[in-house]
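Here are my notes for a first look at this one. Keep the viewer open while you go through the points.

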Amino acid sequence: MCTIVPGSLTVRVSECDPDTGLYSISGEVDVINPPGQMNSGTTGYAVFGTTCSGGGSSPEVVTGLFPDLPVVTVSYTINNLIANGVNGCILSVEFYDNTFPTNNLDPVVVCSAELEFNAPEPCFTEFLYYEFTNCCNPDEVISFNPGQD
């Protein structure tokens, strides 16, 4: 039976990238008897997702075959999340048996865990210079700097 080791789900939150206004999260979770261990004859899936920050690469799906070890550590990274300063974001991990995501049956979650984290504050630097292409003359580029007349 699949069991998440209590307290093993971790989340590392990167700093906000001022060039993009985005951040990433990464970490790992320890699980006992995950679906999709090599000798189980099934394929398992670990799905990491977050409730915050515009989706990015969430969810991240990690496909077994997981090693036949008493405790398996599964790592994840979710990129391109929008830094918005939200507190109380939820990172979740759900382990599915081999019915996910390849057939139309409802996937079976065999074990799961959640962890709360805070998104970094916004840091995106404003654009200081814009360029537009004239719709009627595509060879003409119109430049605009909102800080200057």
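How many bridges join β4 to β7? The count is 6, and the two strands run antiparallel.

1. Ground rules first. This is a predicted model, where local features need pLDDT of at least 70 and side-chain atom pairs count only at pLDDT 80 or more, while totals for chains, interfaces and linings use all residues. Residues are numbered from 1 along each chain as its sequence is written, and side-chain values use heavy atoms, with hydrogens and water left out.

2. The overall layout. You'll find 0 helices and 10 strands in the chain, giving the pattern β-β-β-β-β-β-β-β-β-β along the sequence. Both kinds of element are DSSP runs numbered from the N terminus: helices are H or I with at least four residues, strands are E with at least two. Among contacts with a separation of 6 or more, 65% are between residues 24 or more positions apart; a contact means heavy atoms within 4.5 Å.

3. The chain has 149 residues, and 34% of them count as buried. Buried means under 20% relative accessible area, exposed means over 50%, and partly exposed is in between (1.4 Å probe, protein chains only).

4. An open sheet is built from 4 strands in the order β5-β4-β7-β8, with antiparallel pairing. Its edge strands are β5 and β8 (109-117), each pairing on one side only. From one strand to the next the twist averages 15 degrees, taking axes as lines fitted to C-alpha atoms (for helices over the stretch in contact) and angles from 0 to 180 degrees between N-to-C directions. Two strands pair if DSSP finds at least two bridges between them. Within this sheet, A46 stands opposite F95 in β7.

5. Aromatic pairs. The whole structure holds 2 of them. In the stacked pair, F48 and Y76 sit 4.5 Å apart centre to centre, with 20 degrees between the planes. Why does this pair tie together parts that are 28 residues apart in sequence? Because F48 lies in strand β4 (residues 45-50) and Y76 in strand β6 (residues 72-82). F48 is buried at 0% relative accessibility, and Y76 is buried too, at 3%. For the criteria: rings of Phe, Tyr and Trp (its six-membered ring) pair if their centres lie within 6.5 Å, and planes under 30 degrees apart count as stacked, over 60 as edge-to-face and the rest as tilted.

6. The other pair. F66 and F95 are edge-to-face, at 6.2 Å centre to centre and 65 degrees between the planes. F66 is in the loop between β5 (60-63) and β6, and F95 is in strand β7 (residues 89-96), so this pair links parts 29 residues apart in sequence. F66 is buried with a relative accessible area of 5%, and F95 is buried at 0%.

7. Worth a click: R12. This residue belongs to strand β2 (residues 12-13) and is partly exposed, at 44% relative accessible area. Leaving aside residues up to four places away in sequence, R12 touches S24, I25, S26, G27 and E28.
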